Amino acid sequence: MNTKNRNIILPILMTILIVTGMVAAADIFDNKEIIFPEIAAIAAGGLVAPKLAWNTDKKRILFFITVCAVLGVGIVRYVPGPVWMQMVSAYLLSQLICLCSGTTFAPMISAMVLPVMLQTETVIYIICAVLFTTLILFFRFLLEQTGATPAVLYTRGRLPGSSDFLHALIRTGLSAAVIFPALTLNAKFAVAPPLLVAFTEFSNPASGARKKPVKSVVLIGVSALIGASFRYVLSMSLFALPLCITAALTILAVLLLMERLSMFIPPAGAVSILAMLIPEQAVLWFPVQITIGAFIVMTMAILFFKKECPENC
């Protein structure tokens with residue numbers, strides 16, 4: 001086995017192990033709140049991608065995932081109002097934190113918005129988000145020590161200016177215009193948290209994914225289709241495989257697809273594992289909603305954000 005193959009196979013195996021363990025724990029304890037789909041995104045961007053997908057470092061990844069997970073559960077518990085308003089508030093607050101973090105680590109947005117969308121109130125979500133993120137960072141450390149992955153080179157981003165906050169407000173307003181009808185029409189996965197992360201990243205004209213908009217939307221949609229179809233066929237209809245096995249095969253297929261296309265879009269990994277978390281009756285329509293949502297956020301990003309934004313979120 002040559003060095004290049006070894007350097008990609010090991011991170012993929014590590015990602016499969018983490019995702020399988022997370023979903024298996026959810027099955028064992030009969031608690032879907034253990035599943036944090038953004039773990040697949042963080043693993044894809046932090047382990048499998050040729051270089052770290054964000055300008056950040058390990059301690060900031062863990063810190064901001066923890067802070068945003070706590071705030072997300074806190075919004076559900078203590079902020080009154082309808083779910084759509086809570087989601088919009090969580091999206092705005094998480095953007096502001098990302099802007100001021102000195103990083104481009106957009107997955108922290110999903111860490112806050114997901115518990116709001118699912119109305120998660122327990123500390124279990126927080127514990128599992130922190131635990132599995134820590135596991136990814138530990139594997140990242142091992143890869144760096146063995147030379148399989150380059151060490152993280154973090155440069156703190158500049159302080160946000162008025163235009164940065166204006167962009168965040170515009171994104172929030174556009175998202176609210178989609179979140180409200182999506183939830184009203186019972187199509188909430190069209191505004192799934194990984195898509196809000198994607199919207200934040202796509203709104204930067206320098207984004208690599210935005211330079212190939214059709215390919216990016218198709219990758220996200222196909223990833224959702226893989227997750228939904230694998231779950232339907234392998235765990236719901238023709239077979240009765242444990243959900244953790246289905247999740248393992250799903251993330252393997254999505255990572256191989258990313259490798260084949262030479263496109264590592266972390267939200268694509270997240271939506272594929274989100275398919276393991278949703279109610280069974282939503283599985284068939286899930287990839288349709290995700291694809292429509294991906295198309296909408298990409299279109300809004302291209303139409304409303306033409307000037308290159310700063311290094312931060």
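This is a predicted model: local features need pLDDT of at least 70, side-chain atom pairs count only at pLDDT 80 or more; totals for chains, interfaces and linings use all residues.
Isoleucine 220 has a relative accessible area of 0%, and so it is buried. It sits in helix α9, which covers residues 213-236. Leaving aside residues up to four places away in sequence, isoleucine 220 touches Leu195, Ala198, Phe202, Ile265, Ala268, Val271, Ile290 and Ala294.

Two of those neighbours, Ala198 and Val271, bring me to a pair of helices, because Ala198 of α8 and Val271 of α11 also take part in the contact between these helices. Helix α8, residues 193-202, packs with helix α11, residues 266-274, at an angle of about 170°, and their axes are 9 Å apart; the two are therefore roughly antiparallel to each other. On the α8 side the contact is made by Pro194, Val197, Ala198 and Glu201, and on the α11 side by Pro267, Ala270, Val271 and Leu274. By class, that gives seven nonpolar residues, no polar ones and one charged.

Let me turn to another pair, helix α3, residues 58-78, and helix α6, residues 123-146, which pack at an angle of about 170° with their axes 9 Å apart. Since angles over 145 degrees count as roughly antiparallel, α3 is roughly antiparallel to α6. Among the residues making this contact are Ile61, Leu62 and Ile65 of α3, together with Ile126, Ala129 and Val130 of α6, and the contact residues divide into 13 nonpolar, three polar and four charged.

Key: Residues are numbered from 1 along each chain as its sequence is written. Side-chain values use heavy atoms; hydrogens and water are left out. Axes are lines fitted to C-alpha atoms, for helices over the stretch in contact, and angles run from 0 to 180 degrees between N-to-C directions. Helices (H or I, at least four residues) and strands (E, at least two) are DSSP runs, numbered from the N terminus. Angles under 35 degrees count as roughly parallel, over 145 as roughly antiparallel, 65 to 115 as roughly perpendicular and the rest as oblique. Contact means heavy atoms within 4.5 Å. Ala, Val, Leu, Ile, Met, Phe, Trp, Tyr, Cys and Pro count as nonpolar, Asp, Glu, Lys and Arg as charged, and the others, Gly among them, as polar. Buried means under 20% relative accessible area, exposed over 50%, partly exposed in between (1.4 Å probe, protein chains only).
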